[in-house]
Amino acid sequence: MHSFIFNFKRTIPEQPWTRLMAVTCLLTLSAATAWEIRCRMWGYAPTLNDTPDLWALRRRAVQPDSLVIIGDSRAWFDLDLDEIEHGVGRRPVQLAIPGSCAYPVLADLADDTSFHGTVICSVVPIMFFAPAGPPVQNSLEAINRRRTQTLAQRASTELGMLMEEHIAFLKEDDLTLGELISRLPIPNRAGALIGPPLPPYFETEDRERRARMFTLCASPGPLQDRVKYGWLPLFTPPPLPTYVPREVFLKGVAQAIEARFRDAASAVQRIRARGGKVVFIRLPVSGELKKLEDRATPRAGPWTRLLKESGAPGIYFDDYPELAGFVCPEWSHLSAPDSVVFTHRLVPHLVEAIGGTGQFSGTAKTGAL
């Protein structure tokens, strides 16, 4: 048996390492600066990314008696935190998640036995009653991150926010290599259907997760059109799967929706049993998207039934002239200035709903058309 002894010594060649490092840093800085300039020319600006980590930070800010906003992106864009604080007397915690179903977050608050505060829940029926898919997964991902987030991930989030507030190209939903590649026009093929694209960046966000529509999107132009005409494919249900009989699939969906009604009512009742309150709210929608939603989920259907079975008050924007006159520039959300005015007009109805007891009579309507 032979024995081998290795005596390895790494020889570092004589090179102008200081100059090489300086050149490398200069090239890297030049490339980053050029990319930053290009992204700003495209209309991007420094703002925070809306991530499950940021949501988890705000979820931890919820106190037992907090006022909490949950729901979809309309609550994220349309409800101004300053106006609510001024009118209600308590600053809300923004937990609405774009592209999400509100029910998992409602259930999370109901499961938190220490919580006895007030919940303002935005309802877009197509998303609220989605039995599965991205709307549900988006909410579950945020909730799970709050439960599993490590100290390293929290620190990374804090450091990331410092950079995102000053650098425009740090847009993980738009400007990563994977996202740029996904924009390539790949046609549908047999057995490989390409889903409709998600809307591009058109908002700014602060550390309280307050979203404001980008001015360029609030004005007519290519960005507004790209966002506007992207909603209809996203809100149109995909084709039924061919590997499951049609009747079996539709029966499963109907059962899941029935379960969602029961579960939502149960979550509301658990919060109210602890002295908390829940207010459902239908926020403005315009144009062809409103027509689609009205056809798919008529007012007398899911909305009215949700209020009746949960016993919670509801505020529907179409019921009040002062709320019904707003036009969403891209059909689904209010512009930043309009969101402030809308919230100011909404506050009296919220005050009556969360300040009342029993049947919540008055401007907050319970189950009424």
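The model is predicted: local features need pLDDT of at least 70, side-chain atom pairs count only at pLDDT 80 or more, and totals for chains, interfaces and linings use all residues. Residues are numbered from 1 along each chain as its sequence is written, and side-chain values use heavy atoms, with hydrogens and water left out.

Start with the whole protein. Its C-alpha atoms fill a box of roughly 85 × 55 × 55 Å along the principal axes. The secondary structure comes to 16 helices and 7 strands. Both are DSSP runs, numbered from the N terminus: helices are H or I with at least four residues, strands are E with at least two. Of the 369 residues, 42% count as buried. Buried means under 20% relative accessible area, exposed over 50%, and partly exposed in between (1.4 Å probe, protein chains only). Contact means heavy atoms within 4.5 Å. Among contacts between residues at least 6 apart in sequence, 79% join residues at least 24 apart.

Now find the sheet. It is open, with 5 strands in the order β2-β1-β3-β6-β7 and parallel pairing. Two strands pair if DSSP finds at least two bridges between them. The edge strands, β2 and β7, each pair on one side only. Strand β6 (residues 277-282) is mostly covered, with 5 of its 6 residues buried. On one side, 5 bridges join β6 to β3 (residues 118-122). Here Ile-120 has Val-279 as its bridge partner. Another 3 bridges join β6 to β7 (residues 314-316). Phe-280 partners Gly-314 there, and Arg-282 stands opposite Tyr-316.

Next comes the packing. The largest nonpolar core has 81 residues, and those with the most contacts inside it are Ile-70, Leu-79, Val-119, Phe-128 and Phe-280. Such a core is a set of buried Ala, Val, Leu, Ile, Met, Phe, Trp, Tyr and Cys residues joined through side-chain atoms within 4.5 Å. Helix α5 (residues 103-111) gives the most to this core, with 6 residues. That helix lies across β1 (67-70), β3 and β6. Val-119 has contacts beyond its neighbours within four places in sequence, including Ile-70, Leu-106, Leu-109 and Val-279.

Look also at helix α2 (residues 52-59). Because 7 of its 8 residues are buried, α2 is largely enclosed by the rest of the structure. Trp-55, Arg-58 and Arg-59 are among the buried ones. Their cover includes α5, α7 (134-148) and α8 (151-164).

Finally, the charges. The structure holds 25 salt bridges, each a side-chain nitrogen of Lys or Arg within 4 Å of a carboxyl oxygen of Asp or Glu. Arg-90 pairs with Asp-65, the closest N and O atoms being 3.3 Å apart. Both residues are partly exposed: Arg-90 has a relative accessible area of 36%, and Asp-65 has 35%. Arg-212 meets Asp-80 at 3.7 Å, N to O. This pair links strand β5 (residues 211-213) to the loop between α3 (73-78) and α4, 132 residues apart. Arg-212 is partly exposed at 29%, whereas Asp-80 is buried at 4%.

Return to β6 for one more pair. Arg-282 meets Glu-293 at 2.9 Å, N to O. Arg-282 lies in β6 and Glu-293 in helix α13 (residues 287-296), so the pair ties together parts that are 11 residues apart in sequence. Arg-282 is buried at 3% relative accessibility, and Glu-293 is buried at 1%. Elsewhere, salt bridges that share partners join Arg-59, Asp-108, Asp-112, Arg-146 and Arg-147 into one network.

Technical notes
Axes fitted to C-alpha atoms, helices over the stretch in contact; angles between N-to-C directions.
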